[in-house]
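Please examine the sequence and the three-dimensional structure shown here before reading on.

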Amino acid sequence: RDLHSFPTRRSSDLNRRRGCTLKACLRQQVQTMMNAASSGDLHQEARLLAAAPEQVSQADWQLFYEHIIDIIARDIDDLTSADGRPARDPKRAAKALVAMVAGWFRMQLFAEAVTVGDAVAFGERAVELFLAGRSAW
């Protein structure tokens with residue numbers, strides 16, 4: 001699986017070393033996800049996985065999902081701890097953010113074509129909404 005276009009632990013570490021804020025890091029991670037989701041490459045990979053045996057497809061997507069969740073949870077954990085208000089459950093918070101953007105994207109595909117600009121704009125709004133609910137996570 002080619003995960004080069006998605007968030008990586010290395011890019012996440014680099015963001016923190018550069019003094020990236022929680023908002024900026026999450027926006028960058030979500031923008032990367034939305035750009036990749038809007039590209040034909042991810043759609044092609046999804047079609048290939050759909051043709052694979054169910055166990056292979058499910059295991060591959062599970063690894064992919066866990067990879068993204070781990071990176072975002074790590075940013076949430078590190079950056080909320082650094083500002084003195086640590087998240088109670090960074091992994092659960094990361095899952096909520098990913099579910100919000102992935103759910104929007106999936107529903108939009110049923111309704112109309114999704115442009116990269118629309119996807120990125122929603123991703124930015126999703127981060128704003130997510131951060132507004134910080135006291136819940």
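This is a predicted model: local features need pLDDT of at least 70, side-chain atom pairs count only at pLDDT 80 or more; totals for chains, interfaces and linings use all residues.

Residues are numbered from 1 along each chain as its sequence is written, and side-chain values use heavy atoms, with hydrogens and water left out.

The pLDDT is the predictor's confidence in each residue, from 0 to 100. For the protein chain its mean is 81, and 74% of the residues reach 70 or more. Helices (H or I, at least four residues) are DSSP runs, numbered from the N terminus. Among the elements of the chain, helix H1 (residues 9–17) has the lowest mean pLDDT, 55, whereas helix H6 (residues 116–132) has the highest, 94. Over residues 1–5 the pLDDT is below 50; beyond near neighbours in sequence, this stretch has nine contacts (heavy atoms within 4.5 Å) in the model.

A nonpolar core is a set of buried Ala, Val, Leu, Ile, Met, Phe, Trp, Tyr and Cys residues joined through side-chain atoms within 4.5 Å. Buried means under 20% relative accessible area, exposed over 50%, and partly exposed in between, with a 1.4 Å probe and protein chains only. The largest nonpolar core has 31 residues, of which Leu26, Met34, Ile72 and Ile76 touch the most other members. Helix H2 (22–38), H4, helix H5 (90–111) and H6 each supply at least two residues of this core. Not counting residues up to four places away in sequence, isoleucine 76 touches several residues, including Leu22, Leu26, Phe130 and Trp137.

Which residues of H5 are buried? They are Pro90, Ala93, Ala94, Leu97, Val98, Val101, Trp104 and Phe105. Seen down the axis of H5, these buried residues fall within an arc of 135° (taken from the directions from the helix axis to the C-beta atoms), so they line one face of the helix. On the other side of H5, Arg92, Arg106, Met107, Phe110 and Ala111 are exposed.

In H6, the buried residues are Ala119, Val120, Phe122, Gly123, Ala126, Val127 and Phe130. They cover an arc of only 160° around the axis, which puts them on the same side of H6.

Finally, aspartate 75 lies in helix H4 (residues 54–82). This aspartate 75 is buried, with a relative accessible area of 0%. A polar contact of 3.0 Å joins its side chain to that of glutamine 29; such a contact is a pair of N or O atoms within 3.5 Å, and within protein one must be able to donate a hydrogen and the other to accept it, while residues adjacent in sequence count only if both atoms are side-chain atoms.
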